[in-house]
Amino acid sequence: MNLNYIGGEWVAGNHSIDNINPSDTRDVIGQFTQATPEQLDSALDCARIAQREWAQSGLERRYNALMAIGNEMMARSAELGELLSREEGKPKAEGKGEVYRAGQFFTYYAAETLRQMGDTADSVRDGIEIDVRREAVGVVAIVSPWNFPTATASWKIAPALAYGNAVIWKPANATPASAVELAKIIEKQDLPRGLFQLVMGSGSSIGQALVESPKIDAVSFTGSVPVGRSVAAAAVQNFTKIQLEMGSKNALAVMDDADLDLAVSLALGGAFGGTGQKCTASSRLVVHRSIHDQFVERLVTATDAMVVGHALEAGTQIGPVVSAEQLQSNLEYAALGQAEGAELITGGQQIELATPGYYMRPGLFINSRNDMRINREEMFAPLAAVIAVDSYDEALHVVNDTEFGLTSGIVTQNLARANHFRRNARTGCVMVNLATAGTDYHVPFGGRGNSSYGPREQGSYAAEFYTTVKTAYIACGTPS
Ligand code: NDP
């Protein structure tokens, strides 16, 4: 049985859940305990005490801990990546890459601990000096999803600790094994008892109780829009600081002057990478009509050539979707698109392989319109829809015609269009001749509209969320 890490001890809750491999549902990865409300309460109290000690300790203590965590994750990325792929379903290389990247978040924020500078100013009044510096927010609740179980958690946990906060982490119940392994690495470090705590449990019970608690000072959440809304509603009751990263409906615009081979490879990776289960996935492909048929023909060929298989098997390019519920939802979207009048030109159906798992072929719609539900709602599926347009202006309009706004991309060889798009796409991230998915770890990440709420994550911009500013006025008097 895998336990929760509360108050510096590994503790059992009152029941457990099975963690099932989506590539082979006969493979039970393990049992994972579920925290009780009393255990959550005790975690909240421990965190408060530990945070005071952490905030007062020298920066090198934080630096050393974060650097050691990052280095261990990078050194063990193959082993931990395999476990991640086994429970989440992404191909082994992607699992390894995710763990390595997660390690880089820790080493990046190790360095950031030494860069905590403030501002000074003279007062408008005589004999007074002003010092403006950032202090830790306090106790931070982190609620993370299953699609990047290690990376998303790491880009929240690392800055939270770097800036002097305590962390209570509720990972997604679909991917608890990666969470326990990360907690075991963090446990080895010289941290105050209870500074970092793992509370596994369902979102509706432990997650809800955590975000409703007046004992937390901030919540960083990544997941769906409806849950994000309920997190925000709960947090505002206590004026808890919030940062929400939610869904999106990202578009890749392919212009008539695009390098078509590049456009096809960007669309393929952006739409179907991670089995389409990425908040940055390009599920809308906005294609200039003059190259539409050539683009679609090549994309269909490339899509049909993609190998769907067991996440841990060599050669697999697309693993299973994460769960039976997600597969059901994906198949419903495949049917919905056709009912709305789009043509499912390839894929989109469940398939059976040698092992029982949640497998489906990547699917492509053509003849779709931007007002169809398949182009309005986040499907989180290996499904993409082509929307034909007659001009650059129309492409830009379609890209921006969404209630989301996380990423967008353009494939063009025209400098003026590329630059105009970079300035006028209403998304938090914009890509020129790059896929909509795939971002760095040292710069801000986040979106607009329903995609994000609150300060940006990642890079030095994360300080805005994980710290609060104190302005000190000092009158030292005149030396006698
Ligand atoms: P959820 O929003 O339900 O889950 C995200 C996290 O929030 C999980 O840890 C979950 O716990 C937790 N949670 C659920 N309910 C509550 C609550 N009431 N209070 C506090 N925490 C809660 O997303 P799902 O995993 O169910 O995925 C559903 C859809 O969300 C996807 O199909 C996709 O559209 C979107 N999504 C978007 C992501 C993104 O990166 N933008 C990531 C994941 C999902 P638990 O799962 O353990 O119950």
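The shell around the ligand divides into 10 nonpolar, 14 polar and two charged residues. Here Ala, Val, Leu, Ile, Met, Phe, Trp, Tyr, Cys and Pro count as nonpolar, Asp, Glu, Lys and Arg as charged, and the others, Gly among them, as polar. The model is predicted: local features need pLDDT of at least 70, side-chain atom pairs count only at pLDDT 80 or more, and totals for chains, interfaces and linings use all residues. Residues are numbered from 1 along each chain as its sequence is written, and side-chain values use heavy atoms, with hydrogens and water left out.

In total, 26 residues surround the ligand. The closest are W146, N173, Q208, S224 and M246. A residue is near a molecule if one of its heavy atoms lies within 4 Å of it. The ligand sits in the largest pocket. A pocket is an open set of points on a 1 Å grid over the protein atoms alone, where a 1.4 Å probe fits, with protein on both sides within 12 Å along at least five of seven lines. A molecule sits in a pocket if more than half of its atoms lie within 2 Å of its grid points. Helix 7 (203-212), strand 10 (218-222) and helix 8 (225-237) are the elements that give two or more residues to the shell. Helix 7 provides the largest share, three residues. Helices (H or I, at least four residues) and strands (E, at least two) are DSSP runs, numbered from the N terminus.

An N or O atom in the side chain of W146 is 2.6 Å from a ligand oxygen. For S224, a polar side-chain atom lies 2.6 Å from an oxygen atom of the ligand. For N147, the distance is 3.5 Å. The protein covers 83% of the 860 Å² of accessible area that the ligand has on its own. Accessible areas come from the Shrake-Rupley method with a 1.4 Å probe.

S144 is found in the loop between strand 7 (139-143) and helix 5 (151-162). S144 counts as buried because its relative accessible area is 5%, where buried means under 20% and exposed over 50%. The side chains of S144 and W169 are joined by a polar contact of 2.8 Å; such a contact is a pair of N or O atoms within 3.5 Å, and within protein one must be able to donate a hydrogen and the other to accept it.

S23 lies in the loop between strand 3 (15-20) and strand 4 (28-34). S23 is buried, at 0% relative accessibility. D393, in helix 13 (residues 392-400), is exposed at 55%.

How values were computed. On a 1 Å grid over the protein atoms alone, a cavity is a set of points where a 1.4 Å probe fits but cannot get out, and a pocket is an open set with protein on both sides within 12 Å along at least five of seven lines; lining residues have an atom within 4 Å of a point. Buried means under 20% relative accessible area, exposed over 50%, partly exposed in between (1.4 Å probe, protein chains only).
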